[in-house]
Amino acid sequence: MTDTDLQQLLDTFSDSRTPGKQDFNASRMFSLLEDPFSVWCSFHAPAEEAVSEPNRYENLKIRTDRSARDEWIKQEFPEVVFISGETETDRFKNTLRAMANGAQAIANSTLWNLPQNIYGNVNLLVKKTDASSRFGPYHYEIFQFKRAHDLKEHYALQVSLLNHILGQIQQFFPEHTRVHLKGHHVDVPYAKHGPRLERELTFWRAIRDGKAKPEAHKPPKAASAPWRVYANKTVAQTKDLLMLPGLNTEMRQCLKINGLYNTDDVAHTGLTKLQEILEEPHATDSYYNAQAYLHNRPILREEGHFPPPTKKYNLYFDFEATETFTKENVSFVYLIGLWDKEQNKYVSFVAKTPQEELGLFEQFYEYVKDFNDTALYHWTEYEVKKMKKLAAKHPAAAEKLNALCAICYDLKVATQKAFYLPAPSFSLKAAAPAFGFHWRQDDCGAMDSMVYFTNWLKTGQDELLTKVLMYNEDDCKAMLDLENKLRQAEVLRIKP
């Protein structure tokens with residue numbers, strides 16, 4: 001292929017431009033399937049409403065994955081060509097040149113078909129000689145790498161789209177693409193996913209062109225960054241039916257068909273009418289949750305579950321655990337934090353390695369002064385399940401771990417059984433803010449804390465660990481704050 005032919009090919013598939021807002025990147029397939037409202041926001045929400053929220057966890061995962069992937073590629077394909085370039089156009093042109101030169105493998109390539117408004121990045125193109133293409137007596141097939149154990153739907157559609165673009169460029173459509181997962185690979189047949197791919201691209205074009213407006217998710221994660229804050233605000237201000245816990249899309253649609261468009265509408269509709277629209281327990285739950293919003297206070301669901309039992313010693317605790325970023329490391333609990341109600345202070349136990357994890361629980365056990373008169377409060381079953389799993393794995397530590405489990409009290413269960421709340425769910429991040437509690441840091445959530453901890457281990461910068469501890473402390477204090485607010489609240493008892 002001559003330089004003139006190469007330039008003509010570049011002009012054809014670049015449409016003499018670079019990818020823009022009007023084009024669909026294959027990497028956005030997850031957003032299209034799982035968070036289409038954020039896709040809608042990117043086209044139609046006011047630009048000034050976008051709030052940057054760096055995803056430190058995802059960025060760390062990507063960097064770790066790329067490093068491991070590139071090492072594997074170098075070992076398996078020593079003659080691999082890694083694509084680089086100062087501009088996006090350079091990268092696409094260099095990809096085409098490597099294909100025209102018949103490179104045995106091409107890593108970190110980019111593929112465009114901008115006349116069709118589609119493009120994307122490919123981890124690895126591998127040369128095959130069982131069929132010809134426009135480049136010669138060979139063609140390329142796609143290898144893509146994912147960290148999951150199983151093939152996700154959006155993975156299959158993503159690689160199918162990349163395969164579609166590759167086929168158009170090289171004038172040969174491979175029957176499948178290969179997705180490397182944890183410990184194994186899966187060949188994804190294009191024929192199986194092609195029709196679904198076209199439907200999703202049609203949906204994306206409808207969103208882009210303003211012909212479709214998808215529903216958001218429930219706050220506090222109504223959409224992904226940078227549209228999370230905007231989506232949360234919009235859903236709350238409009239008193240969207242999304243603010244009612246427990247309703248799926250079909251249920252909300254049934255309410256709208258019957259003229260109920262927001263929580264006020266539901267609150268002013270009699271329970272009998274709601275029971276004609278929704279099955280139980282959704283009708284009753286929606287009615288009383290809407291009442292909680294209308295009066296901005298909790299409504300008693302059932303007595304006897306709240307307040308929690310008060311002991312001589314009352315500890316509110318929370319775990320933080322690492323994620324596995326490579327096959328060499330393992331997940332472990334690296335932080336146990338607790339708020340000591342009687343001492344009015346935060347206490348933390350930190351482990352730097354998996355080998356120190358059990359020592360962490362030993363410190364936790366030793367901190368409990370009196371197992372007969374101490375209550376350990378947590379939110380959700382995560383902490384108890386983690387301790388029971390460790391007890392099964394480490395018989396020598398089982399007695400102490402089980403003793404800790406025996407004095408645990410799930411505040412979420414107690415709250416959910418006792419109240420309807422003016423909150424979209426019973427997650428701590430939704431329930432506590434409904435009563436005025438706010439985390440002190442905007443840039444440190446559960447996933448961020450993993451990254452800060454990982455970076456602290458590497459750098460020793462104490463300010464990173466301080467951020468992790470502050471986040472964990474706020475989680476612990478949020479439970480006590482919510483408990484106190486519910487104890488003090490003027491609880492309504494509303495008859496239908």
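Biologist: How many residues does helix α1 have, and what does it reach from its first C-alpha to its last?

Modeller: This is a predicted model, to be clear. In it, α1 covers residues 3–14, which makes twelve residues. From first C-alpha to last it reaches 16 Å, close to the 16 Å expected at 1.5 Å a residue.

Biologist: Which residues of α1 are buried?

Modeller: L6, L9, L10, F13 and S14. They sit on the same side of α1, because they cover an arc of only 115 degrees around the axis.

Biologist: What follows α1?

Modeller: D15 does, and its phi is positive, near 60 degrees.

Biologist: Let me jump to α18. What span should its residues give, and how far apart are the end C-alpha atoms?

Modeller: Helix α18 runs over residues 446–459, and its 14 residues should span 20 Å at 1.5 Å a residue. The end C-alpha atoms are 20 Å apart, which agrees.

Biologist: Which of the α18 residues are buried?

Modeller: D448, S449, M450, V451, Y452, F453, T454 and W456. Those buried residues pack against helices α4 (56–76) and α19 (462–488), plus strands β9 (313–321), β10 (333–340) and β11 (345–350).

Biologist: Where is the positive phi just after α18?

Modeller: At G460, with a value of about 75 degrees.

Biologist: Which cysteine sulfur is closest to that of C476, then?

Modeller: That of C408, but the distance is 13 Å, too far for a bond.

Biologist: Are C444 and C476 buried or exposed?

Modeller: C444 counts as buried at 5% relative accessibility. C476 is buried too, with a relative accessible area of 0%.

Biologist: What about the largest nonpolar core, how many residues has it got?

Modeller: It has 76, and L161 and L255 have the most contacts inside it. There's also a second, separate core of 66 residues, which includes L315, A351, Y377 and A414.

Biologist: What does L255 touch?

Modeller: Leaving out residues up to four places away in sequence, L255 touches L241, L247, L260, V266, L274, I277 and L278.

Biologist: Now charges. How many salt bridges are there?

Modeller: The structure holds 27. One of them joins D340 and K369, where the closest N and O atoms are 3.9 Å apart. That pair links distant parts of the chain, with D340 in strand β10 and K369 in the loop between α13 (357–367) and β12 (374–378), 29 residues apart.

Biologist: Is D340 buried or exposed?

Modeller: D340 is buried, at 2% relative accessibility.

Biologist: Which residues are linked in a network of salt bridges?

Modeller: R440, E473, D474 and K477. R440 meets E473 at 3.5 Å, N to O. R440 lies in the loop between α17 (428–431) and α18 while E473 is in helix α19, so the pair ties together parts that are 33 residues apart in sequence.

Biologist: And K477, how far apart are its closest N and O atoms with E473?

Modeller: They're 3.7 Å apart. K477 and E473 are four residues apart in helix α19, which means about one helical turn separates them.

Biologist: Last one: where is W227 found?

Modeller: In the loop between α7 (190–208) and α8 (228–237). W227 counts as buried, at 8% relative accessibility.

Biologist: What is W227 in contact with?

Modeller: Setting aside neighbours within four places in sequence, W227 is in contact with S38, C41, S42, A45, P46, A47, E49 and A50. The C-alpha atoms of W227 and V51 are separated by 6.5 Å, with the two residues 176 apart along the chain.

Methods. Residues numbered from 1 in each chain as written. Predicted model: local features only at pLDDT ≥ 70, side-chain atom pairs only at ≥ 80, totals over all residues. Heavy atoms only, no water. Helix = DSSP H or I, 4+ residues; strand = E, 2+ residues; numbered from the N terminus. Expected span 1.5 Å × (residues − 1). Buried < 20%, exposed > 50% of the residue type's maximum accessible area, 1.4 Å probe, protein only. Arc of directions from axis to C-beta. Disulfide = S-S within 2.5 Å. Contact = heavy atoms within 4.5 Å. Core = buried A, V, L, I, M, F, W, Y, C linked by side-chain atoms within 4.5 Å. Salt bridge = Lys/Arg side-chain N within 4 Å of Asp/Glu carboxyl O.
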